[in-house]
Structure formats: structure tokens, C-alpha cells
Amino acid sequence: MSIISVNELTKEYGPVLALNNVSFNVKEGEVFGILGPNGSGKTTMIKILTGQIKPTSGHARVLDYDVKKSSITIRKHVGIIPEQETPPSFLTAEEYLYFIAKVRKIKDIEFKIGWWMDYLEFRNQKDLLCKDLSRGTRQKLMIAQAFLHEPKLAFIDEPLINLDPIMQDKVKKFIKSEAKKGNTIFVSTHVLDIAEDICDSLAIINHGNLLYAGKVKKNLEKFFIKSVKGSK
Ligand SMILES: Nc1ncnc2c1ncn2[C@@H]1O[C@H](COP(=O)(O)OP(=O)(O)O)[C@@H](O)[C@H]1O
Ligand SMILES: [Mg+2]
């Protein structure tokens with residue numbers, strides 16, 4: 001079953017064509033990567049699929065809901081780690097997670113928040129205001145908030161930015177384990193190593209054009225460069 005289906009999707013920002021007639025499907029239980037150079041349209045795709053902006057034309061369904069009609073419902077069900085977003089400066093790390101847990105009506109909050117604090121190793125900073133946390137710890141909070149309600153589908157825009165290599169490895173393992181459980185992760189990245197390591201399938205885009213959608217190719221770097229150069 002397709003958990004995400006994208007059909008002839010186009011997004012224009014005034015004169016800028018950010019996505020040009022893009023179509024692909026994402027299967028349930030896979031890690032799906034959207035890969036492309038900076039400015040290729042990855043974040044725009046995630047914003048459309050999570051109902052944050054509307055496409056100019058075309059259709060997309062997420063969890064079988066129409067992104068144009070059911071954006072609130074979609075956002076209730078999915079986890080989202082937006083690109084370069086940080087938790088509110090005026091809450092402590094712990095308060096932020098309690099806030100998210102309340103909004104999402106999560107049960108067993110104390111246990112779940114405690115689990116994330118230990119898993120991503122930030123319990124000793126739980127009482128610091130988010131504004132005083134390192135970028136890496138803020139990113140850990142963003143990861144925790146996205147998975148606190150145990151979504152069957154999560155969108156992660158550039159997942160490992162600001163994390164040290166050991167933490168990167170941990171988060172990669174977590175993403176893979178989510179897929180093993182049958183959950184789906186949609187991840188955007190311009191880092192080929194990450195895509196090769198964690199993704200089952202991917203879409204490659206450049207200047208808003210889809211160049212490839214399918215299983216991850218062996219020797220991805222060579223394939224990616226050839227696809228992108230060939231498209232110019
Ligand atoms: N709000 C916006 N207004 C105008 N242009 C935008 C806006 N958001 C993105 N763009 C443009 O759309 C294109 C795709 O951007 P984006 O989706 O952020 O790419 P990526 O995430 O792959 O780096 C870029 O040319 C970018 O400058
Ligand atoms: Mg982006």
C-alpha cells in the first residue's frame with residue numbers, strides 16, 4: 001500500500017518553479033529519501049505533504065488523506081522535524097516536551113519523555129531554557145518531539161544536521177528501527193552517505209524536476225552526480 005502518493009505536483013513561488021510536475025509513491029514501512037542539491041525543492045515537497053503550504057497544481061495523498069483538504073488531520077497523525085527549526089527559547093527542554101505531549105494528548109508522558117531524555121542523552125540539560133542549549137541538543141529535542149506520539153509516518157527535513165558522529169549513528173539506527181517496526185520515514189537530505197545508509201527507496205530531484213524514483217542504487221554518488229549533471 002502507498003502511504004504517500006504524489007501525483008503531477010507543481011509548486012510555483014511567483015516566478016520560481018520549485019516543483020515541476022512531480023509524481024512518486026512511498027510504501028508503508030520504508031525509509032524514503034528525497035535527495036537533491038540545495039534549492040532543488042526538497043523542503044517545498046515536505047511542506048506540501050505536511051499541509052503547511054498548498055501546491056499550485058497536482059495532487060498528493062498522505063495516509064490516504066488529501067493534503068489540500070485534510071492538512072490538520074494529517075498533522076495530527078504524522079511527526080515532523082522541519083528544516084532548521086528550534087524549540088521555543090522561553091521553555092526549558094523538559095517543559096517543551098511536556099507542552100508537545102499535552103497538545104498531542106499523549107498518555108504515559110513521564111515515561112516517554114524520560115525515555116527520550118536518556119536515549120538522546122540530554123537529561124542533564126532538561127532544566128535549561130532552550131535558548132541556552134547547544135544546536136545539537138535543540139536538534140535532539142526536535143527529534144524527540146516528532147516521535148513522542150509514536151507516529152506511523154514521520155517527515156524529517158535534513159535529519160542529522162548539528163549532531164556529532166556518535167549521535168548521528170544513533171539517530172540513523174533509530175530511523176531504521178522505525179521502518180523495521182512497520183513505520184514509514186520520509187527524509188530529505190543532500191548528504192549522499194546518509195541516503196545510502198538509511199534509505200530503502202528514494203526520489204532524486206533537481207530544479208524541481210524528478211530525475212529518479214525507485215530503490216536506492218548501488219554506488220549512489222556516481223548515479224546521483226550523473227543524474228543531476230545530465231539534467232542541466
Ligand atoms: N517562500 C518562498 N518564496 C519564494 N521562493 C521560495 C520559497 N521557498 C523556497 N523557495 C525557492 O524554491 C526553490 C526550492 O526551495 P526548497 O524547497 O527550500 O529547496 P531545498 O529544500 O531542496 O533546498 C528554491 O529556488 C528556493 O529559493
Ligand atoms: Mg531544504
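This is a predicted model: local features need pLDDT of at least 70, side-chain atom pairs count only at pLDDT 80 or more; totals for chains, interfaces and linings use all residues.
How many of the residues of S8 are buried? Six of six, and the strand is mostly covered.

S8 points side chains both ways. Thr184, Phe186 and Ser188 go one way, Ile185, Val187 and Thr189 go the other, and all are buried. In general, the side chains of a regular strand alternate between the two faces of the sheet.

Now the neighbours of S8. S7, residues 153–157, runs parallel to S8 and is joined to it by five bridges. Within that pairing, Ile156 has Val187 as its bridge partner, and Asp157 stands opposite Ser188. S3 also pairs with S8 in the parallel sense, again over five bridges. There, Ser188 is the bridge partner of Ile34.

The sheet as a whole is open and has six strands, in the order S6-S7-S8-S3-S9-S10, with mixed pairing. Its edges are S6, residues 79–81, and S10, residues 209–215, each of which pairs on one side only. From one strand to the next, the twist averages 10 degrees.

Next, the helices. H1, residues 42–49, lies across S3, S7, S8 and S9, and runs at about 150 degrees to S7.

H6 covers residues 165–180, which is 16 residues. From first C-alpha to last it reaches 23 Å, close to the 22 Å expected at 1.5 Å a residue. Which of its residues are buried? Val171, Ile175 and Glu178. Seen down the helix axis, the buried residues fall within an arc of 60 degrees, so they line one face of H6. The face turned away from that side carries exposed residues: Pro165, Ile166, Lys173, Ser177 and Lys180. As for what covers the buried residues of H6, the list includes S3, H5, S8 and H7. Just after H6, Gly182 takes a positive phi of about 105 degrees.

The largest nonpolar core has 60 residues. Those with the most contacts inside it are Leu49, Ile143, Ala154, Phe155, Leu202 and Ala203. Which element gives this core its largest share? H5, with six residues. Take Ile143 from the list of most-contacted residues. Leaving aside neighbours within four places in sequence, Ile143 is in contact with Ile81, Leu120 and Val171.

Conventions:
Residues are numbered from 1 along each chain as its sequence is written. Chains are lettered from A and ligands numbered from 1 in the order in which they are written. Helices (H or I, at least four residues) and strands (E, at least two) are DSSP runs, numbered from the N terminus. The expected span of a helix is 1.5 Å times one less than its number of residues. A residue is buried if 20 or more other C-beta atoms lie within 10 Å of its own, exposed if 12 or fewer, and partly exposed in between; C-beta atoms are placed from the backbone. The arc is that of the directions from the helix axis to the C-beta atoms. Two residues are in contact if their C-beta atoms, placed from the backbone, lie within 7 Å. A nonpolar core is a set of buried Ala, Val, Leu, Ile, Met, Phe, Trp, Tyr and Cys residues joined through C-beta atoms within 7 Å. Two strands pair if DSSP finds at least two bridges between them. Axes are lines fitted to C-alpha atoms, for helices over the stretch in contact, and angles run from 0 to 180 degrees between N-to-C directions.
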